[in-house]
Amino acid sequence: MDQSFGERLRTRLDERGPLCVGIDPSPALLHSWDLDDSPAGLERFSRTVVDAVADVAAAVKPQSAFFERWGSRGIAVLERAIADLRDAGTLVVLDVKRGDIDSTMAAYAEAYLDRGSPLAADAVTLSPYLGFASLEGAIASAVANDAGVFVLARTSNPEAAPLQRLVAGQVIAGATAANAGHSPFGPVGLVMGATLPGLEESLDDFNGAILAPGLGAQGATPADVARLFAPVRHAVLPSVSRAVLADPARIRERTLAYRDECADQLSATPV
Ligand SMILES: O=c1ccn([C@@H]2O[C@H](COP(=O)(O)O)[C@@H](O)[C@H]2O)c(=O)[nH]1
């Protein structure tokens with residue numbers, strides 16, 4: 001039987017340590033790498049990141065928006081990056097933040113979770129703002145395809161707080177219920193920013209993974225990750241993009257430094 005997403009993630013975290021590296025080929029980064037803002041530039045950028053981190057990061061998170069900018073040619077580059085990462089055994093968390101009514105969610109699930117799709121990832125990010133129940137079909141599809149989802153709960157951008165604190169409890173309760181009976185992690189993870197000043201919601205009963213973006217360019221440090229997530233240290237997957245992508249010659253070195261610093265801080269911080 002194939003391993004579930006939770007089993008694969010547990011294995012990668014144990015083997016490689018707690019870090020997800022983003023692939024964010026923004027116009028600014030392409031420019032700073034002396035690459036054209038073009039599909040060929042995207043291709044070179046993606047390949048450079050994949051080659052640098054595929055064997056050392058637990059997961060890689062392509063940001064779909066930067067590929068979608070280039071229409072079908074950008075999506076073709078994204079498809080290749082996903083295939084190369086999955087061939088290398090690196091988990092792919094595709095950051096697409098999709099959320100819609102159930103019939104439309106079924107189409108998104110087919111695109112990103114169905115194992116036969118060219119864009120199939122190990123996990124995708126989903127938005128719960130049409131109601132947690134609107135994600136049920138996508139969660140079922142994730143389970144059927146041994147994939148996972150990360151649902152936005154408390155995102156890293158500070159302006160989200162007034163809205164998200166109203167509903168994060170419902171999101172966490174929905175994710176906790178969907179994960180019941182699954183081990184080591186259920187198929188439903190949460191997105192919780194590493195930039196949060198503190199955890200306002202309890203994660204005590206939650207048996208899923210926590211994707212924590214915000215390291216580096218958004219100001220969070222490995223020590224912040226440890227301070228926030230010490231009670232769920234076994235489950236946290238900190239994510240960093242611009243801070244490791246700034247210099248193409250140093251991506252691997254910076255990835256290893258962030259990964260090892262997150263591991264050290266998480267193991268040293270008392271609950
Ligand atoms: O709460 C969230 C959810 C997703 N993101 C995405 O992560 C990266 C962050 O990039 P950095 O360069 O490390 O700041 C980016 O793709 C965001 O769309 C997030 O930042 N916060």
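## Exercises on a predicted model

**Exercise 1.** Determine the order in which the eight strands close into a barrel, and then examine how β1 is joined to β2.

*Solution.* Step 1: strands of a sheet pair through backbone hydrogen bonds, in either a parallel or an antiparallel manner. Step 2: here the pairing is parallel, and the barrel closes in the order β1-β2-β3-β4-β5-β6-β7-β8. Neighbouring strands of this sheet are turned against each other by 30° on average, direction ignored. Step 3: strand β1 (residues 20-23) runs parallel to strand β2 (residues 59-62), and four bridges join them. Within this pair, Cys20 has Ala59 of β2 as its bridge partner. Step 4: helix α5 (residues 71-87) packs on the sheet, where it touches β1, β2 and β3 (91-98). The direction of α5 makes about 175° with that of β2.

**Exercise 2.** Characterise the packing of helix α9 against helix α11 by axis distance and crossing angle, handedness and contact residues.

*Solution.* Step 1: two packed helices are described by the angle and the distance between their axes. Step 2: the axes of α9 (residues 222-229) and α11 (residues 251-268) come within 8 Å and cross at roughly 35°. The crossing is right-handed. Step 3: α9 contributes Pro222, Ala223, Val225 and Ala226 to the contact, while α11 contributes Tyr258, Glu261, Cys262, Gln265 and Leu266. Step 4: by class, these contact residues comprise seven nonpolar, one polar and one charged.

**Exercise 3.** Locate Pro184 and Asp34 and describe the backbone geometry of each.

*Solution.* Step 1: Pro184 lies in the loop between α8 (161-178) and β6 (188-192). The peptide bond from Ser183 to Pro184 is cis, its omega being near 0°. Step 2: Asp34 lies in the loop between α2 (27-32) and α3 (39-53). The phi of Asp34 is near 60°, a positive value in a residue other than glycine.

Definitions and conventions. Residues are numbered from 1 along each chain as its sequence is written. This is a predicted model: local features need pLDDT of at least 70, side-chain atom pairs count only at pLDDT 80 or more; totals for chains, interfaces and linings use all residues. Axes are lines fitted to C-alpha atoms, for helices over the stretch in contact, and angles run from 0 to 180 degrees between N-to-C directions. Helices (H or I, at least four residues) and strands (E, at least two) are DSSP runs, numbered from the N terminus. A crossing is left-handed if the near helix is turned anticlockwise from the far one by less than a right angle, and right-handed if clockwise. Two residues are in contact if their C-beta atoms, placed from the backbone, lie within 7 Å. Ala, Val, Leu, Ile, Met, Phe, Trp, Tyr, Cys and Pro count as nonpolar, Asp, Glu, Lys and Arg as charged, and the others, Gly among them, as polar. Two strands pair if DSSP finds at least two bridges between them.
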